[in-house]
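Dear colleague,

Please find the structure below, followed by an account of what was found in it.

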Number of protein chains: 2
Amino acid sequence: MGRPRTPLLDRERITTTALQLIDESGDFSVPQIARRLGAQTGSVYHHVDGRDGIVELLREHVTSGIDPATLDLTPWDTAVEAWARSYRAAFAAHPRAIPLLMTSPVRAPRVLEQYERAVNVLLAAGFDCAGIMPLIIALENLVLGSALDLAAPETMWELTDQVPTPRLAEALAAVGEGRADRAFEVGLTAFMNHARALREKRVDVGG
Amino acid sequence: MGRPRTPLLDRERITTTALQLIDESGDFSVPQIARRLGAQTGSVYHHVDGRDGIVELLREHVTSGIDPATLDLTPWDTAVEAWARSYRAAFAAHPRAIPLLMTSPVRAPRVLEQYERAVNVLLAAGFDCAGIMPLIIALENLVLGSALDLAAPETMWELTDQVPTPRLAEALAAVGEGRADRAFEVGLTAFMNHARALREKRVDVGG
């Protein structure tokens, strides 16, 4: 028998398995990954830099869904808006990974490079250095909050006879379908208008 | 021996135990709750309307941390801004409950009542009925994204020698402490300015 063409364990298979576990249950453990791959837990650790290393592999995997060409667009606000849309779509594909990735420090080199590019876009557009990270993080809060919302049921409010909510019923009926996308458009428009105003120094940075 | 003053099982203890499990692991199961309370799984089901019922008890519990007086403030924008801050603080106390609550339909009567009140504030302020839910959901995306971010480490970006990220390093150094709060202020300012402009019909609803 020759060597199997697909090695039992490699970083890609470990990443894919961790992502499957997260998609199913919201979390993963190294022993669970080993079990799925028919390997020893120690063998998994041999390929990755601990559990944290797997989180960074996941981060690279999910982030690779963001179209890198968006940040090359001009002018800067077209770039930022397109990046935000692509960012939301990439994370909406794995909503249950969002809490884990949002609460673990970013170490993945390719992801750090993407932040470097985003900072460069805003610096080149003339933003104050001190305001750039708050701006990027505010956009991420909106993008990732909205990506989580895409995993919610379309009928998110189930009204009951126990309490009268006639205005909520009207507002829900009036919004129609696609409430998550419409809300994201409102939030993104708000953000982009504010970013343009900040750049032109028409408003205080705030906070 | 008299009757114990605290019954082994009641809805409050079930809720508290479910929340402990979520704070620890990001999820809960009914058998886990039963085990912690030294009860049979069937006995837990006797007190609540299934797993979904427990989720709604959790939603009422977390949402009860939002100061209801905020929505009585005047004018409307003071009310909405104060509500958003209190909403963020309440959910930041249980960040690991956010994905679960964001992706399950809202059925809890007291929470539906709170949405009714929020819709009333915006209707009374003169907003178009069809635009109110997108506005509220956009605010929730920001608030809940930011509440998750409060659970992140203060040093969220760990730069490496593997890739040069000089601009990111500068931007991070310039932002100083409290990046999550500063980002929330940027996002909230953007949202409130946009909401005021929408009310005055100075901008399109978008989306």
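**Helix packing in chain B**

In this predicted model, helices α4(B) and α7(B) are oblique to each other. Helix α4 covers residues 50-63 of chain B and helix α7 covers residues 109-124 of chain B. Their axes are 8 Å apart, and the helices pack at an angle of about 50°.

Which residues of α4(B) and α7(B) meet? On the side of α4(B) they are Arg59(B), Glu60(B) and Thr63(B). Their partners in α7(B) are Pro109(B), Arg110(B), Val111(B) and Gln114(B). By residue type, this contact consists of three charged, two polar and two nonpolar residues.

**Aromatic pairs**

A pair of aromatic rings is described by two values, the distance of the centres and the angle of the planes. Over all chains, the count comes to eight aromatic pairs. One of them is formed by Trp76(A) and Phe127(A), with 5.1 Å from centre to centre and 80° between the planes. Planes over 60 degrees apart count as edge-to-face, so this pair receives that name.

Where do the two partners lie in chain A? Trp76(A) belongs to helix α5 (residues 76-92), whereas Phe127(A) sits in the loop between α7 (109-124) and α8 (129-149). The pair thus links distant parts of the chain, 51 residues apart. Both Trp76(A) and Phe127(A) are buried.

Chain B has an edge-to-face pair of Trp76(B) and Phe127(B), with 5.1 Å between the centres and 80° between the planes. Because Trp76(B) lies in helix α5 of chain B and Phe127(B) in the loop between α7 and α8, the pair ties together parts that are 51 residues apart in sequence. Trp76(B) counts as buried because its relative accessibility is 11%. Phe127(B) also counts as buried, at 8% relative accessibility.

Chain A also holds a cluster in which ring pairs link Trp83(A), Tyr87(A) and Phe91(A).

**How the two copies are related**

Two copies of a chain are related by a rotation about an axis and a shift along it. The same surface serves both copies, since 100% of the contact residues of chain A recur in chain B.

With kind regards

Methods
Residues numbered from 1 in each chain as written. Chains lettered and ligands numbered in written order. Predicted model: local features only at pLDDT ≥ 70, side-chain atom pairs only at ≥ 80, totals over all residues. Heavy atoms only, no water. Contact = heavy atoms within 4.5 Å. Axes fitted to C-alpha atoms, helices over the stretch in contact; angles between N-to-C directions. Helix = DSSP H or I, 4+ residues; strand = E, 2+ residues; numbered from the N terminus. Parallel < 35°, antiparallel > 145°, perpendicular 65-115°, else oblique. Nonpolar A, V, L, I, M, F, W, Y, C, P; charged D, E, K, R; others polar. Phe/Tyr/Trp six-rings, centres within 6.5 Å; stacked < 30°, edge-to-face > 60°. Buried < 20%, exposed > 50% of the residue type's maximum accessible area, 1.4 Å probe, protein only.
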